[in-house]
Amino acid sequence: FGVPVVSQLFAASAEEAVDIAKTIGYPIAMKSAVGVSHKTEVAGIDLGIETPQAATEAYARLSQLGEQVAVQAMVPPGIELAVGILSDEQFGPVIVVSAGGTLVELLGDRAAALPPLDGAAAQALIGRLRMAPLLAGYRGRPRADIEAAAAAIASISSIAVYLGDLIAGLEVNPLIVNSDGAVAVDALVVAHRPAEPDIVKPSREQGAPR
């Protein structure tokens with residue numbers, strides 16, 4: 001759907017992790033591939049790994065949660081956003097943008113809209129956040145690429161339009177936005193579970209055995 005994502009491969013051993021790190025190039029990030037919404041809460045993430053020894057040690061820690069570990073390129077620091085798709089019983093898929101990273105629940109800084117969103121609508125959604133001045137270059141900081149962030153949000157809204165009936169929820173967190181663009185470094189998708197079929201028992205009037 002055109003959402004920029006970080007380079008990532010999966011390792012099932014420390015040796016694989018080191019080989020992937022050589023391909024991607026240090027520094028790297030390593031994350032548990034277990035599907036949890038907040039990896040920091042289960043010690044499922046290790047950032048700024050710069051040597052094969054550190055990668056080996058990180059795999060040993062992270063693999064305690066599950067054998068599969070994601071090895072990613074490190075993204076330059078920036079402002080972190082979270083972009084989600086929520087399934088509302090009344091309105092259907094809803095796009096939610098908020099402060100990202102570990103602050104997503106602490107700050108409660110959110111804005112919501114119905115998809116689809118174009119770039120202008122996505123920028124307006126970002127502008128409703130209390131943290132919007134940080135993206136604009138607060139107190140001498142470099143201006144973040146708000147247009148790139150809006151384009152990513154618009155692309156995520158396309159996922160809601162085309163796949164909204166298939167997913168119960170989606171969260172990209174964080175979407176890191178800096179002066180060079182915006183890139184998604186983690187995402188969680190929850191699929192809709194098919195409804196259990198209704199079991200209709202025949203009544204006695206329909207010839208059920210007595």
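Where is R139 found? I found R139 in the loop between helix 5 (132-135) and helix 6; helices here are DSSP runs of H or I with at least four residues, strands are E runs of at least two, and both are numbered from the N terminus.

A note on the source: this is a predicted model, in which local features need pLDDT of at least 70 and side-chain atom pairs count only at pLDDT 80 or more, while totals for chains, interfaces and linings use all residues. Residues are numbered from 1 along each chain as its sequence is written, and side-chain values use heavy atoms, with hydrogens and water left out.

**Backbone.** R139 is not a glycine, yet its phi is positive, about 50 degrees. R139 is exposed, with a relative accessible area of 75% (exposed is over 50%, buried under 20%, partly exposed in between, with a 1.4 Å probe and protein chains only). I also noted two cis peptide bonds: Y26 to P27, with omega near 0 degrees, and P115 to P116, with omega near 5 degrees. P27 lies in the loop between helix 1 and strand 2 (28-32), and P116 in the loop between strand 7 (110-113) and helix 4.

**Helix 4 and helix 6.** The axes of helix 4 (residues 119-127) and helix 6 (residues 146-163) come within 8 Å and cross at roughly 110 degrees. Axes are lines fitted to C-alpha atoms, for helices over the stretch in contact, and angles run from 0 to 180 degrees between N-to-C directions. That makes helix 4 roughly perpendicular to helix 6 (65 to 115 degrees; under 35 is roughly parallel, over 145 roughly antiparallel, the rest oblique). I listed G119, A122, Q123 and I126 of helix 4 against I146, E147, A149, A150, I153 and A154 of helix 6, a contact being heavy atoms within 4.5 Å.

**Cores.** Which residues have the most contacts inside the largest nonpolar core? They are L81, I85, I95, L135, I153, L175 and V177, in a core of 32 residues. Such a core is a set of buried Ala, Val, Leu, Ile, Met, Phe, Trp, Tyr and Cys residues joined through side-chain atoms within 4.5 Å. Helix 6 gives the most to this core, with eight residues. A second, separate core of 15 residues includes V18, I20, A21 and A58.
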